[in-house]
Amino acid sequence: MRGIRAGERAVIARAITLVESRRADHQRAARRLVQDLLPDTGKAVRVGITGTPGVGKSTTIDALGSTLTRQGRKVAVLAVDPSSTRTGGSILADKTRMARLSADPNAFVRPSPAAGTLGGVAGKTRESLLLLEAAGYDAVLVETVGTGQSETVVADMTDFFLVLMLPGAGDELQGLKKGVVELADMIAINKADGDNRARAQAAAAEYRAALHILGARSPHWSPPVVTYSALTGEGIASLWTKVLEHHDVMSANGELAARRRQQQVKWMWAMLEERILSRLRSDPALRAKLPRLEAAVADGRMSASLAVEELAAALGI
Ligand SMILES: Nc1nc2c(ncn2[C@@H]2O[C@H](COP(=O)(O)OP(=O)(O)OP(=O)(O)O)[C@@H](O)[C@H]2O)c(=O)[nH]1
Ligand SMILES: [Mg+2]
């Protein structure tokens with residue numbers, strides 16, 4: 001615990017490995033560790049970053065993170081990607097895409113926990129986030145691929161949700177359809193360089209109009225739409241200015257604290273539901289009845305509600 005508070009990287013890495021382990025004794029130890037460190041958590045700015053593959057998430061995090069460490073801040077990068085595997089080529093690619101940050105002593109880059117359920121992966125990422133806060137990281141950036149559900153779980157563990165977009169037609173509506181824009185605290189259009197500048201501006205105007213129609217999520221914050229280039233670094237610093245502006249406003253009016261409280265309780269319920277569900281699925285009384293009832297419901301011989309009634313009676317609930 002002392003090693004974590006002192007920010008020793010090797011100790012932090014080992015603690016995260018403990019959090020990610022599936023072994024029961026490791027999980028017990030991890031729970032104790034997180035609980036003990038809880039008073040030291042909560043001090044980082046937590047930022048979720050999403051966008052379709054190739055939008056430039058890794059390049060953006062590398063550029064943004066390096067800007068922050070140059071200012072003397074400590075930056076941690078986590079990821080939520082339930083499809084990833086630890087040995088996969090994508091992580092190797094990410095390390096090279098985040099070349100500067102990976103070699104930066106004031107940055108800590110951790111790939112997504114190995115494949116599992118989205119809930120499981122997200123839970124581990126949350127606990128790693130708390131460890132990194134206790135270790136003194138000022139900013140935690142959580143990256144996720146743009147695949148619907150994982151965006152919601154990352155929005156639910158961060159203070160600020162940054163949605164990256166590409167300049168170009170069609171892309172705009174795609175984002176709107178997925179409902180991601182409704183989660184956004186800011187939309188940033190990347191690759192606004194070279195020939196893309198004008199198209200990026202046009203896309204920004206479209207998003208501004210769309211956001212205007214959607215209405216703001218908070219009475220105190222209208223999500224800005226900005227353009228930047230992760231490649232040249234133009235506009236990178238002002239991305240962070242917006243994040244801090246949001247942090248100041250939301251801290252002052254109490255919304256940040258309220259959001260975190262809600263997130264914590266929601267997380268508790270999500271874990272409880274997952275636990276109860278897995279207990280239910282392995283219940284012998286349920287397993288004995290399930291094949292027959294499932295077949296009857298599938299064939300249309302039995303109504304779903306009657307089947308549930310019979311299962312619930314067998315379980316005594
Ligand atoms: N022109 C230009 N290219 C960029 C910019 N940012 C990223 N790229 C390029 O876009 C490609 C994808 O960038 P990544 O950072 O790997 O994108 P990603 O969103 O992390 O992609 P996945 O991890 O596959 O989801 C790379 O070839 C980058 O060099 C930019 O601002 N301008
Ligand atoms: Mg990437």
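How many nonpolar, polar and charged residues does the shell around ligand 1 have? By class, there are four nonpolar, seven polar and four charged residues. Here Ala, Val, Leu, Ile, Met, Phe, Trp, Tyr, Cys and Pro count as nonpolar, Asp, Glu, Lys and Arg as charged, and the others, Gly among them, as polar.

This is a predicted model, in which local features need pLDDT of at least 70 and side-chain atom pairs count only at pLDDT 80 or more, while totals for chains, interfaces and linings use all residues. Residues are numbered from 1 along each chain as its sequence is written, chains are lettered from A and ligands numbered from 1 in the order in which they are written, and side-chain values use heavy atoms, with hydrogens and water left out.

**Around the ligand**

Ligand 1 is surrounded by 15 residues. The closest are K57, S58, T59, R97 and D193. A residue is near a molecule if one of its heavy atoms lies within 4 Å of it. Helix α4, residues 57–70, gives the most to this shell, with three residues. Helices are DSSP runs (H or I, at least four residues) and so are strands (E, at least two), numbered from the N terminus.

The table gives polar contacts, meaning pairs of N or O atoms within 3.5 Å.

| Residue | Part of the residue | Distance to an oxygen atom of ligand 1 |
|---|---|---|
| G54 | polar backbone atom | 3.0 Å |
| T59 | polar side-chain atom | 2.5 Å |
| L231 | backbone N or O atom | 3.1 Å |

On its own, ligand 1 has 650 Å² of accessible area, and the protein covers 74% of that. Such areas come from the Shrake-Rupley method with a 1.4 Å probe.

**An aromatic pair**

The structure holds one aromatic pair. Rings of Phe, Tyr and Trp (its six-membered ring) pair if their centres lie within 6.5 Å; planes under 30 degrees apart count as stacked, over 60 as edge-to-face and the rest as tilted. The ring centres of F108 and Y137 are 6.2 Å apart and their planes stand at 65°, so this pair is edge-to-face. F108 lies in strand β3 (residues 107–109), and Y137 in the loop between α7 (118–134) and β4 (139–145), so the pair ties together parts 29 residues apart in sequence.

Are these two residues buried or exposed? F108 counts as buried, at 6% relative accessibility. Y137 counts as buried too, at 2%. Buried means under 20% relative accessible area, exposed over 50%, and partly exposed in between (1.4 Å probe, protein chains only).

**Elsewhere**

R2 lies in helix α1, residues 2–5. At 73% relative accessibility, R2 counts as exposed.

Notes: A polar contact is a pair of N or O atoms within 3.5 Å; within protein, one must be able to donate a hydrogen and the other to accept it, and residues adjacent in sequence count only if both atoms are side-chain atoms.
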